[in-house]
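Thanks for asking me to look this one over. My notes follow as numbered points, with each cut-off given where its term comes up.

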Amino acid sequence: MDEKMVKGTSIFRKLQKHLNQQAIGYPRTLSSIDIELLKYIFIKEEYVYMALNLNYKFQFIEEIHESIKKNNITQKWGFTPSKDETAKILLEMRKIRAIGYRIRDDKEQYSLIPYYEGLFELQTGNMTEQFSKLHKRITRDPMYQLSVLNIYPTQHRTIPIESAVSPELHVAPFNDVKKLVQDAEPPFLKIKCPCREVKKSQNHACKVSEDYHICLVMGDLGVLIKDLDMGIEISKDEAIEILRRNQEAGLVLQPSNYKKVESICSCCNCCCGLLSLIKNINRPADYWTSHYYTINDPKLCSGCGICKSRCPANAITINTHAIVDHTRCIGCGVCVPSCPEKAMTLIPKEKPKEIPETREDLHEKIYKNKKSFFGILRTALRMSKGKEWV
C-alpha cells in the first residue's frame, strides 16, 4: 500500500474517533463501513482536517480558526489555513452537506453533525445508488445499531396522532403537533423522506403512503435546508395540513426531542430505519421517548386484528381479543382511531420523561449520559435479557 493511501486511511480513522467522542457517537464498525461512508461524504483531505477542529457545539468562524492554530494534530499535517481560507473551506463543506450551519447575531456558525439526524438526512434529494448501499450496510452493523439505541435522551420522540387523543386527555403543548408547528420559527419546508428514498433505490414501494414529501423542517434546520435548496418552502398552514394528511394515512409522528422543534418526521414501519429496528429488539419502549401507551377494553374488543396490522412496533397480539404489550408500545396512537369497536384508549404515563428546551440542551444531556464502549456492551446484554437500560 502506497504512502498516500496509508495517510488517507489514517486521517479518516482519526475522524471516526473524533466523531465518536461527540454527544452522538459514530462507532467503529465490524466491517469498516464507517470509514467508507466518511470517504463518500468528506471528499477532500482538507475537509477531514477541518472536521477534526469542529465539535457538536456551534462555533463562529473566528473560534474555529483559533482552534486550528492550537491543534497540534492538524498542524502536523500542514493544515494551517488563514481565516479567509477557513471560511472558504467551511462554505464548501456546507454546500456538500458535510457539516451543520446556522446564523447567530448575523454571523455564520458551524458544527459537526452526527450520522443519524445529520449526515444521512442531508443526503435527501441526492440519494445515489452508492450511498444507499453504504447506508444499508451501516444500519445492519451491530455496533452501529447498539450506538443508536445507546443514545439517551433519544434524538426523536413519538407524539400521538390527534384522532387518538380523547377530549378529556389534556395534552402538553410539546405533545400537540399543531402547537409545535404554530410555535416554531420559520422558514417551514417540506422535504423528501430520506428513508423512503433509500427504500425506493432498493425497489421498495411504501405500503402506507405514495407521497414522498412527508417530512417537515423549520427554524435553524429550515435555514440550513433552504440554503442547500433541499426542500420546498411552505406556509405554516400548509405544514399543518401535511401533518393532517400524514396522520390520516396512519403515519407515526416523530418530532425532534426538544420543545423548540426543528423537524417532524412522519414515519411508516416499512421504510423508517428506527421503526424497522425496534421491531427486532426486546422491550423497544425502554429505548423510546413517548408519554403515552395504549390499553384495550376486552369487553368491547371483537378481536378483528386491525390494530395489530397497523401497529408499527409489533406490540399487539390477538387471542380472543387484542392484547397490548406495554414493553413494546411506543404510544403513537395509530391503533386508536382504526378500532371499529372503540376498544383502544390512549393513556398518559405517570412519570413522563423530561423534554429539553432546545437542540443544544438535548445534545448536552446526551453528552452527559454518554456511555463507554463497555456501557454499550452492557446495553446489548440487557437487551438480550429484556431488561431496561436506564
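1. The charged end of Lys76 lies over the ring of Trp77, 5.8 Å from the ring centre. Here a charge sits over a ring if NZ of Lys or CZ of Arg is within 6 Å of the ring centre and within 35 degrees of the ring normal. Another case is Arg94, found over the face of Tyr101 at 3.7 Å from the ring centre.

2. A word on the basis of these notes: this is a predicted model, in which local features need pLDDT of at least 70 and side-chain atom pairs count only at pLDDT 80 or more, while totals for chains, interfaces and linings use all residues. Residues are numbered from 1 along each chain as its sequence is written, and side-chain values use heavy atoms, with hydrogens and water left out.

3. Next, the aromatic rings. The whole structure holds 9 aromatic pairs; rings of Phe, Tyr and Trp (its six-membered ring) pair if their centres lie within 6.5 Å, and planes under 30 degrees apart count as stacked, over 60 as edge-to-face and the rest as tilted. One of the pairs is Tyr115 with Tyr144, edge-to-face at 6.1 Å centre to centre and 80° between the planes. Tyr115 belongs to helix 7 (residues 115–119) and Tyr144 to helix 9 (residues 142–149), so this pair ties together parts that are 29 residues apart in sequence. Helices (H or I, at least four residues) and strands (E, at least two) are DSSP runs, numbered from the N terminus. Tyr115 is buried at 3% relative accessible area, and Tyr144 is buried at 8%; buried means under 20% relative accessible area, exposed over 50%, and partly exposed in between (1.4 Å probe, protein chains only).

4. Phe120 is buried, with a relative accessible area of 3%, and Phe131 is buried at 0%. Ring pairs join Tyr26, Tyr40, Tyr115, Phe120, Phe131 and Tyr144 into a cluster.

5. Which residues have the most contacts inside the largest nonpolar core? They are Phe42, Met93, Tyr115 and Met344, in a core of 105 residues. Such a core is a set of buried Ala, Val, Leu, Ile, Met, Phe, Trp, Tyr and Cys residues joined through side-chain atoms within 4.5 Å. Not counting residues up to four places away in sequence, Met93 touches Phe42, Tyr47, Met50, Ala51, Ala98 and Ile99, where contact means heavy atoms within 4.5 Å. A second, separate core has 7 residues, including Ile24, Tyr56, Tyr258 and Leu362.

6. Met344 is in strand 12 (residues 344–348) and is buried at 5% relative accessibility. Beyond four places in sequence, its contacts include Thr294, Ile316, Ala322, Val324 and Cys339.

7. Arg13, in helix 1 (residues 3–20), has a relative accessible area of 12% and is buried. Its side chain makes a polar contact of 2.8 Å with the side chain of Asp34; a polar contact is a pair of N or O atoms within 3.5 Å, and within protein one must be able to donate a hydrogen and the other to accept it, while residues adjacent in sequence count only if both atoms are side-chain atoms. Ser338, in helix 16 (residues 335–338), is buried at 17%. The side chain of Ser338 joins that of Arg310 at 3.4 Å and reaches the backbone oxygen of Cys335 at 3.0 Å.

8. An open sheet of 3 strands runs in the order 1-3-2 with antiparallel pairing; two strands pair if DSSP finds at least two bridges between them. Strand 1 (59–60) and strand 2 (100–104) are at the edges with a single partner strand each, so one side of each is left without a neighbour in the sheet. Strand 1 pairs with strand 3 (residues 107–111) over 2 bridges, and Gln59 stands opposite Tyr110 in strand 3.
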